[in-house]
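Hello,

Here is the structure I promised to pass on to you. Have a look at it first, and then read on for what I found.

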Amino acid sequence: MKLKYMMLAAAAAILSSCGSFNPENVPDAGADQVKRVEPLSWWVGMNTPLQLLVQGEGISEYEVTIEGGKGVKVTGVTPGDSPNYLFVDVNVSPIAAPGTYWLVFKGKDGESFKYAYEIASRESGSAQRKSFSSADVIYLIMPDRFANGNPDNDSTPDTTEKADRNAFFGRHGGDIQGIIDHLDYIAGLGATAIWCTPLLEDNAPEESYHGYACSDYYHIDSRFGDNEKYAEYVQAAHAKGLKVIMDIVTNHCGTSHWWMQDLPFKDWIHIFPEYTNTNICFSANMDTNASKYDLNIQESGWFVPSMPDMNLDNPFVLNYFIQWGVWWIEKFGLDGFRVDTYPYNEKEPMSRWCKAITDEYPHFNIVGECWTSSIPQLAYWQKDNPNRDGFNSNLPAIMDFPLHDAIRMGLNEGAGWGCGMTRVYELLSHDFMYQDIDNMLIFLGNHDVDRFGDCIGKDPRKLKLGMAMLATMRGIPQIFAGDELLFVSADRSQGHGGLRVDFPGGWEGDKCNLFTEEGRKAQRLGTDGLPVYPGQADELFNYASKLLNWRKGAAEIHHGRTLHFLTRDNTYAYFRYDSSKAAFVFINNSDEAKTIPWSHYAEITKGLHNGRNVITGETVIPDDSTIVAAQTALVLEFDR
């Protein structure tokens, strides 16, 4: 049957090229005849093959051609298992003229109708676009909880869940306009890139605020704005020197996704005789002793009952997500991807997905969420790791959860063997396991883990220690919005709903506005409603801002090497250096002042000169009598 349709399509394409096409002679498709065509548009000069998903009532019974100019033709048609889908392969020649083309559908009764399809010209230099790197600092935003720039879209007619700012797990009204309104805050902090949790439509009846249960992969959720507003956001961010990273989910959609009412293929998603949850057994991907049964449940089991697991082994599903990724990059000028729940995907198809994206955009960076505390298992997922099974993920960057764990635990421990700052030293001693230590996302916290402020007992001194390490260690720093100001959960018993607090000042009528210097100086209460010392937020913002803005020009931090020194007194000393500069960091996590053993560092300190304190700007000439106060970090920069 599929072969028959491919032959018919090829013959129709040849015939259509022999005559001219007048769109006025063919009626437009009705709303039921063609409900949607995805991708929504395409471009001349792409390497990625174009395969259109066409949905319409009984559309599989129609022959398809594409008309409107030379160099664009249908090369194959495959009906889905559902009669309401066709997958149409379209060849777009490099010499094709940009413009509007028409998909023409012809039924058995001779009836025809058309659907307009735009094939545009690419932006100059699009394929060679740059991406985020270790020279950047990423600011992570959960849009619903950041700022409400347009109260008119808090609740919308086309979505189910309505806004209720008092609901821990409900929508609070933050949106894209709110992000645009506060780009100066983000840039002033010293961040150079923004990662938003998903902005695509999530029409789940409850807990839709996080966006991870997508119901339409090609449209921004109307409660955040629309595609035009998203384009405005990207342009505004770029104008402020901020890159834009899109959070994408290939592993699962939401049960409210439109295709869940009528799947294109029976195996479009993973279906079991009864609901089957993933076993979260990431080790099955590389464990030589693992059973195929465990691996199948890990890959194919659902994340939660409201998130159907996509079947990337189906080549049409994989093609869909490849084109989807390319479309968002090309359409909106994106600078990077973050891929959610990366190891839950089938690994071989996802490897092909990563390669397809980076084949189209060779300098494009993609970071995968590989949530494991095991260093060997984390290293397995990074591109070109010499895995024993020969697997190459083609995934350029990975999230460094082991370092996240070590910093959090170390800051809460006293001195001891393997405790405190020794824990961080030992963690970084495993850097030999990774293929690209610069291309690892490092972080103190994110939207899925306990607030960093909660974990350090709301201690601003420990936040500064954490920020000093985050700003100076190898990798790509990422800050969860508000962590720089010591945000804590509104109610820790509420889990995610409690830690994903609103940013004070993001809503009209907020008593405190932490986006402004005046508001930060006036702060008296934390995000849990309990007192903080006056001006705490302003002090912490200024500390982070000095570090991060200095970091922008510190090449020794971006791509330099690390040399660290072992102590067991709950301090940690390390240098980041290249041929011309060296940064020195001394972390004193103890409860007493410590003297720096500068003479121990003689192997690198010879020739260092023009020492400067990064925070105060003062000239510094350290020696064995230099004292660092308790719970304090010293960050110095030298010429070499």
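Let me start with a tryptophan: Trp258 counts as buried because its relative accessibility is 13% (buried means under 20% relative accessible area, exposed over 50% and partly exposed in between, with a 1.4 Å probe and protein chains only). Before going further, please keep in mind that this is a predicted model, in which local features need pLDDT of at least 70 and side-chain atom pairs count only at pLDDT 80 or more, while totals for chains, interfaces and linings use all residues. Residues are numbered from 1 along each chain as its sequence is written, and side-chain values use heavy atoms, with hydrogens and water left out.

**Around Trp258**

You will find Trp258 in the loop between strand S13 (243-248) and helix H5 (292-300); helices (H or I, at least four residues) and strands (E, at least two) are DSSP runs, numbered from the N terminus. Leaving aside residues up to four places away in sequence, Trp258 touches Arg36, Glu38, Leu53, Gln55, Tyr85, Ser215 and Asp216, where contact means heavy atoms within 4.5 Å. Arg171 is 87 residues from Trp258 in sequence, and their C-alpha atoms are 21 Å apart.

As for strand S13, five of its six residues are buried, so S13 is largely enclosed by the rest of the structure. S13 pairs with strand S10 (residues 193-196) in the parallel sense over four bridges; two strands pair if DSSP finds at least two bridges between them. Here Val244 in S13 stands opposite Ile194. Strand S14 (residues 336-339) also runs parallel to S13, joined by four bridges, and Ile248 has Val339 in S14 as its bridge partner.

**The five-stranded sheet**

Further along is an open sheet of five strands with antiparallel pairing, in the order S19-S20-S21-S25-S23. S19 (561-565) and S23 (609-613) are the edge strands with a single partner each, so one side of each has no neighbour in the sheet. From one strand to the next, the twist averages 20 degrees. Axes here are lines fitted to C-alpha atoms, for helices over the stretch in contact, and angles run from 0 to 180 degrees between N-to-C directions.

Helix H10 (residues 421-428) packs on this sheet and touches S19, S20 and S21 (581-588), with its direction at about 35 degrees to that of S20. S19 and S20 (residues 571-577) run antiparallel and are joined by five bridges. Among the bridge partners, Thr562 goes with Arg576 in S20 and Phe565 with Ala573. The two strands form a hairpin with five residues between them, and Asn570 in the turn has a positive phi of about 70 degrees.

**Helix H15 and its neighbour**

Helix H15 (residues 536-551) has 16 residues and spans 23 Å from first to last C-alpha, close to the expected 22 Å (1.5 Å times one less than the number of residues). In H15, 12 of the 16 residues are buried, so the helix is largely enclosed by the rest of the structure; Leu540, Phe541 and Trp550 are among them.

The axes of H12 (residues 460-472) and H15 come within 10 Å and cross at roughly 15 degrees. That makes the two helices roughly parallel (angles under 35 degrees count as roughly parallel, over 145 as roughly antiparallel, 65 to 115 as roughly perpendicular and the rest as oblique). The residues that meet include Leu463 and Met467 in H12, and Tyr543 and Leu547 in H15.

Best wishes
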